[in-house]
Amino acid sequence: MTDLTIIGIPQSTYVRSIRMLCLEKGIEHIHEPAMPHSDAVTAINPFGRVPVMRHGDFKLAESEAIARYLEKSFPQGPAFLPTDPMAAASVDQWISRINTEYYRPCILDYLFGYIFPKTEDGQPDRARIDTALESVEKCLNLADKSIGAYGHLAREELSYADLALFPILFYLSQTPESSAMIADSNHLSGYMERIGERDSARATLPPPPPK
């Protein structure tokens, strides 16, 4: 039985990225669903964010740190975090960009305006959604341009940057304005289709968000 456990709600884009990495590399693991700020999570990450990880007695938080630990601890399979300086820098740039420039406007502002509206009638928060649209479009256009140049987000081969982006694109493909942007792009639809057909994507398909 494996002693590696990935803890976090399956709807989380960050949890899905780590689970996809494990599956792509053939790392045996257990997924333990847990809500942010639950006891199982805060025992490892006092800030309550997911995912967190247990590997034997070793505990770790923050998705990027977990990804790097897994890449070094389980070298089998393809490398998703390259060691070549230029390739590594390109992947790191995109991971940082997704964390700092993509997640808030695309997920916290735009997507949550649909699925977790704070309106009195429970309808989508149009003000919140409309405010985020310009940033969402900028994010999608930049990703589309890079995918057009490389075939994947940061390089010709699939990398952890792709695994970080795909779960966000998955949600954006299900909301009206962003799905239209993806459909009108030059490369995003085909890119999503290619990654979405991988076993790692199929096995981590998220259930509907909790109420």
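**Reading charges and contacts in a predicted model**

The backbone nitrogen of A161 sits 3.2 Å from a polar atom in the side chain of S159.

Me: What should I know about this model before I read on?

Reply: This is a predicted model, in which local features need pLDDT of at least 70 and side-chain atom pairs count only at pLDDT 80 or more, while totals for chains, interfaces and linings use all residues. Residues are numbered from 1 along each chain as its sequence is written, and side-chain values use heavy atoms, leaving out hydrogens and water.

Me: Where is S159, and is S159 buried or exposed?

Reply: Buried means under 20% relative accessible area, exposed over 50%, and partly exposed in between (1.4 Å probe, protein chains only). S159 is buried, at 0% relative accessibility. S159 belongs to the loop between α5 (126-150) and α6 (160-172); helices (H or I, at least four residues) and strands (E, at least two) are DSSP runs, numbered from the N terminus.

Me: Which residues does S159 touch, not counting those up to four places away in sequence?

Reply: Contact means heavy atoms within 4.5 Å. With that exclusion of residues up to four places away, S159 touches F80, V91 and A154.

Me: How many salt bridges does the structure hold?

Reply: Side chains of opposite charge can pair when their charged atoms come close. A salt bridge is a side-chain nitrogen of Lys or Arg within 4 Å of a carboxyl oxygen of Asp or Glu. The structure holds nine. One of them joins E62 and R49, at 3.0 Å from N to O. E62 lies in the loop between β4 (58-61) and α3 (63-73), and R49 in the loop between α2 (39-42) and β3 (52-55), so this pair ties together parts that are 13 residues apart in sequence. Both are partly exposed, E62 at 39% and R49 at 45%.

Me: How far apart in helix α3 are R68 and E64?

Reply: They are four residues apart, so about one helical turn separates them. Their side chains form a salt bridge of 3.2 Å, N to O. R68 is partly exposed at 28%, and E64 is too, at 27%. Salt bridges with shared partners join E64, R68 and D92 into one network.

Me: What is the nearest side chain of opposite charge to R19?

Reply: Lys and Arg count as positive, Asp and Glu as negative, with His and the chain ends not counted. For R19, that side chain is E32, 12 Å away. R19 is buried yet has no salt bridge. R19 lies in helix α1 (residues 13-25), and its contacts beyond four places in sequence include H29, H31 and T204.

Note on methods: A polar contact is a pair of N or O atoms within 3.5 Å; within protein, one must be able to donate a hydrogen and the other to accept it, and residues adjacent in sequence count only if both atoms are side-chain atoms.
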